[in-house]
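Subject: The model for you to look at

Hello,

Here is the structure I promised to send over. Please open it alongside this message, and my notes follow below.

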Amino acid sequence: QVQLVESGGGLVQPGGSLRLSCSASGIIFSINFMNWYRQAPGKERELVAGENSGGTTSYADSVKGRFTISRDNAKNTAYLQMNSLKPEDSAVYYCYAHLKKDSSHRVYQYWGQGTQVTVSS
C-alpha cells in the first residue's frame, strides 16, 4: 500500500506564505508525477500545480508567479511553496501521485487526506 501524507497547512494573513509538503511512503518503484489540487467549499477540485519526473512543471493561471512546486525524488516528497497568498487561495489542498510499484507498465493513483489552508486577516 502507498500513503501520501500532507503537512504545512494553516491560517495565514493575506500576503503571507506557506509551504506544503507531501510525502509518499510504501511500495514505490517510481513516481511519474505529483500534483497539488485544491477544493474550496461549494467548488470543484482544481489542479493547482504539477511536476513530472523530468522536472517539468505546470501551474494554474491563478497561481502563476506566486506558487512553486518542487520535488525531492530521493525522499518521494513534493512541496508547494505558496507566496503572496490571497483569501481566494483558501481551500483544502490535496496531494496526488501517479506512480509505479514495479517495473511493469501498471500505474497507480493515490490521494492524500488534504490539508486546510485559510488566508484571512
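Strands here, like helices, are DSSP runs numbered from the N terminus (E, at least two residues, for strands; H or I, at least four, for helices). Before going further, please note that this is a predicted model, in which local features need pLDDT of at least 70 and side-chain atom pairs count only at pLDDT 80 or more, while totals for chains, interfaces and linings use all residues. Residues are numbered from 1 along each chain as its sequence is written, and side-chain values use heavy atoms, with hydrogens and water left out.

**The sheet around S3 and S8**

S3 and S8 are antiparallel partners, joined over six bridges; two strands are taken to pair if DSSP finds at least two bridges between them. They belong to an open sheet of four strands, in the order S1-S3-S8-S7, with antiparallel pairing. The edges are S1 and S7, each with a single partner strand, so one side of each has no neighbour in the sheet. On average, neighbouring strands of this sheet are turned by 15 degrees against each other, direction ignored (axes are lines fitted to C-alpha atoms, for helices over the stretch in contact, and angles run from 0 to 180 degrees between N-to-C directions).

**Two hairpins**

S4 and strand S5 (residues 46–52) run antiparallel and are joined by six bridges. Within this pairing, Tyr-37 has Leu-47 in S5 as its bridge partner. The hairpin of S4 and S5 has six residues between the strands, and Gly-42 takes a positive phi near 80 degrees there.

S5 also runs antiparallel to S6, this time with three bridges. Glu-51 is opposite Thr-57 in S6. The hairpin of S5 and S6 has four residues between the strands, and in this hairpin Gly-55 has a positive phi near 95 degrees.

**The disulfide and its surroundings**

There is one disulfide, counted where two cysteine sulfur atoms lie within 2.5 Å. The pair is Cys-22 and Cys-95, with sulfur atoms 2.0 Å apart. Cys-22 is in strand S3 (residues 18–26) and Cys-95 in strand S9 (residues 91–100), so the link ties together parts that are 73 residues apart in sequence. The link is left-handed, with -80 degrees about the S-S bond. Both cysteines, Cys-22 and Cys-95, are buried (buried means under 20% relative accessible area, exposed over 50%, and partly exposed in between, with a 1.4 Å probe and protein chains only).

Leu-4, in strand S1 (residues 2–7), touches both of these cysteines, and among its other contacts are Tyr-96, Trp-111 and Gly-112; contact means heavy atoms within 4.5 Å, and residues up to four places away in sequence are not counted for Leu-4. Leu-4 counts as buried because its relative accessibility is 6%. The C-alpha atoms of Leu-4 and Gly-112 are separated by 4.6 Å, although these residues are 108 apart along the chain.

**Thr-115**

Have a look at Thr-115 too, found in strand S11 (residues 115–119). Its relative accessibility is 11%, so Thr-115 counts as buried. A polar atom of the Thr-115 side chain lies 3.3 Å from the backbone nitrogen of Gly-9. Leaving aside neighbours within four places in sequence, the contacts of Thr-115 are Glu-6, Gly-9, Leu-20, Ala-91, Val-92 and Tyr-93.

**Salt bridges**

How many salt bridges are there? The count comes to four, where a salt bridge is a side-chain nitrogen of Lys or Arg within 4 Å of a carboxyl oxygen of Asp or Glu. One of them joins Asp-89 to Arg-38, with the closest N and O atoms 3.0 Å apart. That pair links distant parts of the chain, 51 residues apart: Asp-89 is in the loop between strand S8 (77–82) and S9, and Arg-38 in strand S4 (residues 30–39). Both Asp-89 and Arg-38 are buried.

Asp-89 also meets Arg-66 in a salt bridge (2.7 Å, N to O). Arg-66 lies in the loop between strand S6 (57–59) and strand S7 (67–72), and Asp-89 in the loop between S8 and S9, so this pair ties together parts that are 23 residues apart in sequence. Arg-66 is buried, as is Asp-89. Through shared partners, salt bridges join Arg-38, Glu-46, Arg-66 and Asp-89 into one network.

Another salt bridge is formed by the side chains of Lys-64 and Asp-61 (3.2 Å, N to O). Asp-61 counts as exposed because its relative accessibility is 64%.

Best wishes

Conventions. A polar contact is a pair of N or O atoms within 3.5 Å; within protein, one must be able to donate a hydrogen and the other to accept it, and residues adjacent in sequence count only if both atoms are side-chain atoms.
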